[in-house]
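Please read these points with the structure open beside you. They are meant to be checked one at a time.

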Amino acid sequence: MATTTIEDENSVLSSSENPHQLNGNLTETPTQQTITTTTEEIKEEVVLQKNNLLQKLRELFKNEEILGQKEHIDAYILPRTDAHNNEYINERDQRVKFISGFSGSNAWVIVTKENALLWTDGRYYIQAKSELYEGWTLMKLTGPDSIMPSDWIIQNLENGSKIGFDPKLFNFERAKIFNKKLKNYGIICTPIIKNLVDILWIERPTEALQKLFILPIEECGEEINSKLVRIREEMKKQKCDSLLLSCLDDIAWLFNLRGSDIPYVPVFYSYAIIMEINKTFLFVDMRKITPEISTYLKIIMWKYLIIKMLLVF
C-alpha cells in the first residue's frame, strides 16, 4: 500500500503516523486562530485560579478551626518578610508573591472583604503594576498621594473590626506600635498562629536543609569565645541577664558559621541565646550540623523543633 508523506522543514511523517489524517485523507491542520483561542482559554483559567486565591483567603476569615477563636476577622495584613525580619528571603517565604504576584523586596499586603491592597516604595511602582494579579490595587508608600497601611486601616475599617496577622512576621517593637495605634481607634489586632497564605499554598517549596560550614579564623578574624567575652561585657553594662538573637547575620557572625538557606546570602535559619553565666545556646535544625561543626562548637545544641515549640506556645 502506498503511503503519502508530508514534508516540511522540521519533519517527515507518513500518513499512517500523521495525527491529522482521517480515512486516508489529510484533515486540515488547526488554524492559527484555533491555537490562539486555546492559549487564551488557558490564560483565562490561570487568571481564574489567581482570582480564586483571594476568594479562598477571605473564606478563611470566618473559619473558626483555623482562627482558633469563635469570632471572625475582617481583614488580614501580611508583610513581605520572614520570621527573622529579612529583606532577602527564601522562595518558601515568598507569601506576598504567591498571593498577589508581586516579587519586589519591599511590600505590605492588606486583604479585606472588599479590597486587596499592596503597598511598596518608589523602586517598584512600575514593576508592581505589571506583576499584580487582577483584583489587586497598588498603594504607594512614598509620594504626595501616599498613605501608610495603618492609616488606611483606621480610615476604612469600622470600630470593633478585627485584623488578623501572623505574629512570627512582626518583630516585638513593630507589633507593639502597630497594635497601640489601631487600638486607639477601636480596631483589634488578632494574632493567628497558622499563616493563612500557607494554608492556600499547596505546592509551597520545602524547607532548606543544606549543611552549614565553618568560616576559617583567617577569614573571620576572631574566635567565638572572644566575641562572647565582649558581648557579655556589654550585657553587664546594660544590666542584662540574657540576650536572644534572631537576626541571622548576627548569629552567623557570632558562631563563625555560614549557610545557604537563603539564595545569595550566606546565613542559616537559627536562633541563639547568650546567658550571663557562661552558657550559650544555638537553636538550629540538627540535620544541617556536620560532626565537624558539632565538635568545633563544643556547645550544647538543641534541636530546632524545640525553639519552634517555644515560639508557638
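1. Strand S9 and strand S10 (residues 188-191) run parallel and are joined by 4 bridges. Within this pairing, Ile163 stands opposite Cys189 in S10. Bear in mind throughout that the model is predicted.

2. Strand S9 (residues 162-165) also pairs with strand S5 (residues 75-79), again in the parallel sense, over 3 bridges. Here Ile163 of S9 is the bridge partner of Ala75.

3. Which way do the residues of S9 point? Lys162 and Gly164 point one way from the strand, and Ile163 and Phe165 point the other way. All of these residues are buried, whichever way they point.

4. The link between the two strands of point 1 deserves a look. S9, helix H6 and S10 make a β-α-β unit, and the unit is right-handed. Helix H6 covers residues 172-183, and Leu182 lies in it.

5. Is Leu182 buried or exposed? Leu182 counts as buried because its relative accessibility is 0%, and the cut-off for buried is under 20%. Leaving aside neighbours within four places in sequence, Leu182 is in contact with Ser150, Ile153, Ile154, Ile163, Ile187 and Cys189. For a sense of distance, Leu182 and Ser161 are 21 residues apart in sequence and 10.0 Å apart in space, C-alpha to C-alpha.

6. Now the charged residues. Side chains of opposite charge can pair when their charged atoms come close. The count for this model comes to 12 salt bridges. One of them joins Arg123 and Asp121, with the closest N and O atoms 2.9 Å apart.

7. Lys288 forms a salt bridge with Asp261, and the closest N and O atoms are 2.5 Å apart. This pair links distant parts of the chain, the two residues being 27 residues apart. Lys288 is in the loop between strand S15 (280-284) and helix H11 (291-297), while Asp261 is in the loop between strand S13 (257-258) and strand S14 (270-275). Lys288 counts as buried because its relative accessibility is 1%, and Asp261 counts as buried at 1% too.

8. The last point returns to the loop between S15 and H11, where Thr290 lies. Thr290 has a relative accessible area of 19%. Why is Thr290 called buried? Thr290 is buried because 19% falls under the cut-off of 20%. Apart from neighbours within four places in sequence, Thr290 is in contact with Lys211 and Leu212.

Notes. Residues are numbered from 1 along each chain as its sequence is written. This is a predicted model: local features need pLDDT of at least 70, side-chain atom pairs count only at pLDDT 80 or more; totals for chains, interfaces and linings use all residues. Side-chain values use heavy atoms; hydrogens and water are left out. Buried means under 20% relative accessible area, exposed over 50%, partly exposed in between (1.4 Å probe, protein chains only). Contact means heavy atoms within 4.5 Å. A salt bridge is a side-chain nitrogen of Lys or Arg within 4 Å of a carboxyl oxygen of Asp or Glu. Two strands pair if DSSP finds at least two bridges between them. A crossover is right-handed if, with the strands pointing away from the viewer, the path from the first strand over the helix to the second runs clockwise.
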